[in-house]
Amino acid sequence: MNIANKPFIAKQPSMLRMPPLGMNAIGLEEDFRRYFNHTLGWDKASVSSYHVYSSCALVLRDRLVERWRRTQRAYDETDCRQAYYLSLEFLMGRALGNALLNLDLQGANAEAMRNLGLELEEVRELENDAGLGNGGLGRLAACFLDSCATLQLPVTGYGIRYEYGMFRQKIEHGYQMEEPDHWLRNGNPWEIERPEYTVRVKFGGRTDFYTSADGHARLRWVETQDVLAVPFDMPIPGYRNGTVNTLRLWKAAATEEFDLDEFNAGSYTEAVAAKNAAEHITMVLYPNDASENGKELRLRQQYFLASASLQDVLRRWVYKHGRDFSGFAGKNCFQLNDTHPTCAVPELMRLLMDEHRLGWDEAWDITSHTMAYTNHTLLPEALERWPVSMFGRLLPRLLDIVYEINARFMEEVSLRWPGDTERERRMSIVEESDVPQIRMAYLAVVACHSVNGVAALHSHLLQQHLFGDFFELWPGKFNNKTNGVTPRRWMASSNPLLSSLIDGRIGDAWRTDMSALQGLRAFAEDKEFQAEWHQVKQANKQRLAQMVARDCGVEFDPAAMFDVQVKRIHEYKRQLLNVLHVIHLYDRIKRGDTADWTPRCVLIGGKAAPGYVMAKRIIRLVTAVADVVNHDPDTKGLLRLAFLPDYRVSAMEVICPAADLSEQISTAGKEASGTGNMKFMMNGAITIGTLDGANIEIREEVGGENFFLFGLTAEQVQAARGHYDPVAIIAADADLARVVHLLKSGHFNLFEPGLFDPVVQSILSPGDSWLTAADFRSYLNAQQNVATAYRDREGWTRMSILNAAASGKFSSDRTIQDYNRDIWRLPQIPAHTE
């Protein structure tokens, strides 16, 4: 029996209530001792550093749970409209520092730790980064949850509790090596398992027609291989407002973990086969999908997330409202974070029709009014497409529903454009080819009432190109929601020195209203303030230099310019262009061209997908060039290059406060938005970038004079297709010719002949989609302007201050307010107070 239903609890709930927990150093210290000694069972033989961290985390979690319960009670009692954010990634980073900041316990906890003979910073370093995401998509989701809680909006995140993260990146002999990232090895003290809300998720089997008790012909999904989805809840605290929202993560488990008959028969492997097969679903974030098995596992993950989450929401609806779904769309909204969760569309239809006996029209009305879709990519190859054969084998009932959705949609297209069979072929959810495919992005566009891009240019390109036909049919569906990042983690927590300086001049309102940073403009010319700003930057650079020395074995001089590019390794992000510039600088040094030189330390970091051969080769090029540059005595004091292994959230918290120059150099029209550019900007880094993604809006906010622009525009990139001649460009540019010659000659790979031939071929190819050679000269000119500007310390510091002052638009609070105004329409619900 569920303890919540026991009579004495229902009649006398006050008997279980506790007085509020102490929020001072004494209360924290007492609870720490209790957890350390009693809950974790410390003794001299078993104590470890992780006991210290876990005790501290549990002390804070208790205080979060207090507020969590009050928040959920407020939502339940008001029966308010709620939103659910479905994402295959949530790159949360470390939770301890964020909890301390948002609970306003940094000072009290530091005092408690000192009383116990501990240092808070050392305890914080014991926490693993939560391995629930890879790059910008997952980090954006984490920022959004922080903002929803801070704005007191009733939003629940739904994701997968991966046992292993993306991977832990090591660099061995210059090559990326992947190791398992078992971030849950020591458990996760922040989560609370909720086995009472476990649901079944179906796979395989077949669909079957039958006649229901009311005489209607219906379909059902039978002979399935089910797995269990077990929820684990993570608290998401708002900033000092008493609100704590929920991130619910699903773990896969077998319906029967152990077959005793098989075990007794001596078949030990077979006895746990079902358990192992089920757990594979949530074992690893983003399995390598180069193989058929990898593709199938990704589809299983995507459906598992969608089905478990929707069942959870419908369970709560039925508990409160019974099987009357007439008000469901008015009370619920689902936001699909990119194309990955699009299985939610046919799954909601299935649940409403098969499990709750709604008709097609009623189910479709609910689905199309509750689903909203955010697109995060302009690269067609990055949009989810599944072979019909695989989709039908794993999800036969959903395939029936997708076919029906497509048939009805094709009828609408034919009525709008009679006889235009080519347009019907282009727009069909089911791509009829040698291997028929389900185009999941098209399914999302057809079913969702809102489709948004994540930067003004990105949204424009979606409407004019990628989804052009759909925009022509339904222009009112499409909108833009420029991304943002949370200032709590990316300034207040990661850059306390700068935060303190800002607070002393304009107050601390910027932590929840970043437009207040405009007040810094008044101090941009103030010599005393400039000196303090520069002093903070130098202290942060010293901290980063220590990390680079420890992790890369390279000495960075804080007096030099820190030139930083950290992000996922991909050809369109053009880490290659950055390396070509470093080779150019190296070539200048070797030729003695060092007049008016600006010392520069270049830091590159990021992970390449395990199956992405060219991205991994680019990493190898970075490490090879670094090895040559850093060991050449001629470069001492002039140039350094380092590749930071295992780039992650906690590393970025050290990097972004220290960067002088932010490299945002993607090929125009390829980056949806970018969020690293925003983190760097608000911490006073100056951007060198193309007119791509959110760079355009960053430049509009800060002014062109405080942004180093280069490169082709998206329109010029498009126009270059079919007319691009990189060989001629190289022949006409002596600097680029020398760089390419150094690569061709094997100067950076003397003991591995031919290693970088594929890189050279990509630069020389007329089919180079990233137009590396085309932008090289413009990039060099912009970099020369950077070098000149950096030598003017006062001028550079002024630009740095103005960048931070202009960053208010790029708060995730503003982004979430835009989502709520135009899509979710949620009320602000203050948490209950006891």
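Predicted model: local features only at pLDDT ≥ 70, side-chain atom pairs only at ≥ 80, totals over all residues.

Student: What makes the protein chain as compact as a globular protein of its length?

Tutor: Start with the make-up: the protein chain has 35 helices and 23 strands. Its radius of gyration is 28 Å, and the globule rule gives 28 Å for 834 residues, so the chain is as compact as a globular protein of that length. Along the principal axes, the C-alpha trace spans about 90 × 75 × 60 Å.

Student: How much of the protein chain is called buried, and by what cut-off?

Tutor: Buried means under 20% relative accessible area. Of the 834 residues, 60% are buried.

Student: Why are strand 18 and strand 21 called a pair?

Tutor: A pair needs at least two bridges. Strand 18 (residues 561–566) and strand 21 (residues 661–664) have two bridges, so they count as paired, in the parallel sense. Val-564 stands opposite Ser-662 in strand 21.

Student: Where do these two strands sit in their sheet?

Tutor: The order is 20-19-18-21-22-23, an open sheet of six strands with parallel pairing.

Student: What makes strand 20 and strand 23 edge strands?

Tutor: Each pairs on one side only. Strand 20 covers 639–644, and strand 23 covers 708–709.

Student: What lies across this sheet?

Tutor: Helix 24 (residues 575–590) lies across strands 18, 19, 20 and 21, at about 155° to strand 19. Helix 25 (residues 613–631) also packs on the sheet and touches strand 19 and strand 20. Its direction makes about 145° with that of strand 20.

Student: Why is helix 24 called mostly covered?

Tutor: Of its 16 residues, 15 are buried.

Student: How do you know that the length of helix 24 is close to the expected one?

Tutor: Its first and last C-alpha are 23 Å apart, against 22 Å expected at 1.5 Å a residue. After the helix comes Gly-592, with a positive phi near 80°.

Student: What does the same check give for helix 2?

Tutor: Helix 2 (residues 25–39) has 15 residues, so it should span 21 Å; its end C-alpha atoms are 20 Å apart, which agrees.

Student: Which residues of helix 2 are buried, and what covers them?

Tutor: Among them are Leu-28, Phe-32, Tyr-35 and Phe-36. The cover includes helix 3 (49–78) and helix 5 (106–115).

How values were computed:
Residues numbered from 1 in each chain as written. Heavy atoms only, no water. Helix = DSSP H or I, 4+ residues; strand = E, 2+ residues; numbered from the N terminus. Contact = heavy atoms within 4.5 Å. Axes fitted to C-alpha atoms, helices over the stretch in contact; angles between N-to-C directions. Expected span 1.5 Å × (residues − 1). Buried < 20%, exposed > 50% of the residue type's maximum accessible area, 1.4 Å probe, protein only. Rg over C-alpha atoms; globule rule 2.2 N^0.38 Å.
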